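Dear colleague,

Please find below the structure that I am handing over to you. My findings follow directly after it.

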Amino acid sequence: MTTQTQPTAPALPADTAPGVVDLQNVSRWYGNVVAVNDISMSLGAGVTGLLGPNGAGKTTVLHMMAGFLAPSKGTVTIDGKPTWRNPAVYRDLGLVTEREAVHAFLTAEQFVLACAKMQKLKDPAGATRRALELVEMTDAAHRRIGTFSKGMRQRTRVAAALVHEPRVLLLDEPFNGMDPRQRMHMMELLHSLGDNGHTILFSSHILEEVEQVSGLVQVIVAGRLAASGDFRKIRRLMTTRPHVFAVRSSDDRRLAVALIAESSVAGIEIENGGLTVRASDYGDFTRALPRIALDQGIRLHQLVPSDESLESVFSYLLEA
Ligand SMILES: Nc1ncnc2c1ncn2[C@@H]1O[C@H](COP(=O)(O)OP(=O)(O)OP(=O)(O)O)[C@@H](O)[C@H]1O
């Protein structure tokens, strides 16, 4: 991925309540690798997606929020209190890490109960019961975690992270490795927690995943905040960006002549293997092309978007 140096993200309004979780000009470097570069964000109640390609810095951001890592610069606070070297924040915070520590030999209940005891709760058994109920794991409470599906393990880990009823729940790639049914179940759970006033941030590198779970998004690319706010507006920026298509047809030259008159076409190159078309509008171009081909009696053999990698989408956001 190319590293961008533009300092500003598209100015989208952050539609959040006063921040529960707050990052002010936060950077984090590992030796000379800058993993997070001057990020400020504020999260309120509800579900927010932390979206970015692999290596963008999502885990680093989550770990700083959870007090696992010190920011090299800037401040990370929950309810105004710094998260680094402040164990008191764990009362308000639950974290579901990306990597699963395996507790295969424990039952779901034993695992969640151990977490309740670590939090020194007054009624650890009652809290365990409520947490397992919340994630709909009551029926499987006495089964060993080693016998669970990925989705059930994730829900058990969410129960453990929520057993002390924190306001803030952070989840690192919670949908990884889940089948569509398990994914749906987890999405519903996050929705209902968000509706109940929790502040939830989950990371993902999959656009569609974030779109389904959350109206609010923070997009990070190469350690920088590329966009933040209403997901629909960011999505629109993504679909109206210039697109490049590889097109092959029964008569590329004639097709090129017809396409150049089309307002959604910004440029065409003819090569041996077909046409490379730069379209200024994805929707207009993909609607116009079949119509033009039909009018001209040209057969379309191939239409492939050639710059659809997440990296190129995200880099565009950073430049916008
Ligand atoms: N302990 C470390 N030492 C050195 N570099 C690190 C360390 N942890 C992360 N990095 C680097 O920091 C950058 C951000 O990593 P991070 O894990 O936060 O990204 P991510 O968005 O969570 O990626 P992924 O989705 O692949 O987990 C990457 O370039 C990564 O290689």
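**Contacts and setting of R153**

Leaving aside residues up to four places away in sequence, R153 touches E100, I145 and F148; two residues are in contact if their C-beta atoms, placed from the backbone, lie within 7 Å. Please note that this is a predicted model, in which local features need pLDDT of at least 70 and side-chain atom pairs count only at pLDDT 80 or more, while totals for chains, interfaces and linings use all residues. Residues are numbered from 1 along each chain as its sequence is written.

R153 belongs to helix α4, residues 150-162. R153 counts as buried because 23 C-beta neighbours lie inside 10 Å; the cut-off for buried is 20 or more other C-beta atoms within 10 Å of the residue's own, with C-beta atoms placed from the backbone. Between the C-alpha atoms of R153 and V219, which are 66 residues apart along the chain, the separation is 28 Å.

**The chain**

The chain holds ten helices and 14 strands (DSSP runs numbered from the N terminus: helices are H or I of at least four residues, strands E of at least two). Of its 320 residues, 39% count as buried. Among contacts with a separation of 6 or more, 70% come from residues 24 or more positions apart.

**The ligand**

The shell around the ligand includes Y30, N54 and H205 (near means a C-beta atom, placed from the backbone, within 6 Å). Two or more residues each come from β2 (33-43) and α1 (58-65), and α1 gives the most, with three.

With kind regards

How values were computed. Buried ≥ 20, exposed ≤ 12 C-beta atoms within 10 Å, placed from the backbone.
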